[in-house]
Amino acid sequence: ETMAAAHDHPYRLAIIYAALGEKDRALLALDRAADILPQRVGLLLMDPEMASLRGDARFEAVRRKLGLP
């Protein structure tokens with residue numbers, strides 16, 4: 001939580017919240033990051049940190065938003 005409070009960028013927040021198990025907050029940040037840095041979020045989706053989010057409909061919505069299979 002301290003790290004999350006120190007960051008305001010949704011890309012970093014998605015990683016932090018995913019690591020904390022805060023699935024809802026991680027997916028919200030991931031969706032916002034997709035609007036700001038779509039090229040980086042595409043790579044982030046494959047990271048092990050995002051494993052807990054895979055299979056969630058909101059995670060799949062981010063994939064579709066980025067035009068990924």
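**Reasoning through the helices and their core**

Modeller: The charged end of Arg-40 sits over the ring of Tyr-11, 4.2 Å from its centre. The model is a predicted one.

Colleague: What makes the end of Arg-40 count as sitting over the ring of Tyr-11?

Modeller: The distance part of the rule asks that CZ of Arg be within 6 Å of the ring centre. The end of Arg-40 lies 4.2 Å from the centre of the Tyr-11 ring, and a further condition requires CZ to be within 35 degrees of the ring normal. The pair is listed as a charge over a ring.

Colleague: How many aromatic pairs are there?

Modeller: Two ring centres must lie within 6.5 Å to count as a pair. By this rule the count is zero.

Colleague: How do you know that the length of helix 3 agrees with its number of residues?

Modeller: Helix 3 runs over residues 23-36 and has 14 residues. At 1.5 Å a residue, helix 3 should span 20 Å, and its end C-alpha atoms are 20 Å apart, so the two values agree.

Colleague: Which residues of helix 3 are buried, and what places them on the same side?

Modeller: The buried residues are Ala-26, Leu-27, Ala-29, Leu-30, Ala-33 and Ala-34. Their arc around the axis is only 165°, and therefore they lie on the same side of helix 3. These buried residues pack against helix 2 (10-20), helix 4 (38-44) and helix 5 (57-65). On the other side of helix 3, the exposed residues are Asp-24, Leu-28 and Asp-35.

Colleague: Why is Asp-24 called exposed?

Modeller: Exposed means over 50% relative accessible area. Asp-24, a residue of helix 3, has 52%, so Asp-24 is exposed.

Colleague: Why does Asp-35 count as exposed?

Modeller: Asp-35 also lies in helix 3. Its relative accessibility is 52%, so Asp-35 is exposed under the cut-off of over 50%. From C-alpha to C-alpha, Asp-35 and Leu-66 are 8.9 Å apart in space and 31 residues apart in sequence.

Colleague: Why does Asp-56 count as buried?

Modeller: Buried means under 20%. Asp-56 has 12% relative accessibility, and so counts as buried. Asp-56 is placed in the loop between helix 4 and helix 5. Not counting residues up to four places away in sequence, Asp-56 touches Lys-23 and Leu-27.

Colleague: What is buried in helix 2?

Modeller: Pro-10, Tyr-11, Leu-13, Ala-14, Ile-16, Tyr-17 and Ala-18 are buried there. They pack against helix 1 (2-6), helix 3 and helix 4. Gly-21 follows helix 2 and has a positive phi, near 80°.

Colleague: Which residues of the largest nonpolar core touch the most other members?

Modeller: The core has 20 residues, and those that touch the most other members are Leu-30, Val-41, Met-50, Leu-53 and Phe-59. Helix 2, helix 3, helix 4 and helix 5 each supply at least two residues of this core. In soluble globular proteins, nonpolar side chains tend to be buried together.

Colleague: With which residues is Val-41 in contact, leaving aside its neighbours within four places in sequence?

Modeller: Val-41 is in contact with Tyr-11, Leu-30, Ala-33, Ala-34, Val-62 and Leu-66. A contact requires heavy atoms within 4.5 Å.

Colleague: Where is Glu-1?

Modeller: Glu-1 is in the segment before helix 1. Leaving aside neighbours within four places in sequence, Glu-1 is in contact with Leu-20, Glu-22 and Arg-25. The C-alpha atoms of Glu-1 and Tyr-17 are separated by 8.3 Å, with the two residues 16 apart along the chain.

Conventions: Residues are numbered from 1 along each chain as its sequence is written. This is a predicted model: local features need pLDDT of at least 70, side-chain atom pairs count only at pLDDT 80 or more; totals for chains, interfaces and linings use all residues. Side-chain values use heavy atoms; hydrogens and water are left out. Helices (H or I, at least four residues) and strands (E, at least two) are DSSP runs, numbered from the N terminus. The expected span of a helix is 1.5 Å times one less than its number of residues. Buried means under 20% relative accessible area, exposed over 50%, partly exposed in between (1.4 Å probe, protein chains only). The arc is that of the directions from the helix axis to the C-beta atoms. A nonpolar core is a set of buried Ala, Val, Leu, Ile, Met, Phe, Trp, Tyr and Cys residues joined through side-chain atoms within 4.5 Å. Rings of Phe, Tyr and Trp (its six-membered ring) pair if their centres lie within 6.5 Å; planes under 30 degrees apart count as stacked, over 60 as edge-to-face and the rest as tilted.
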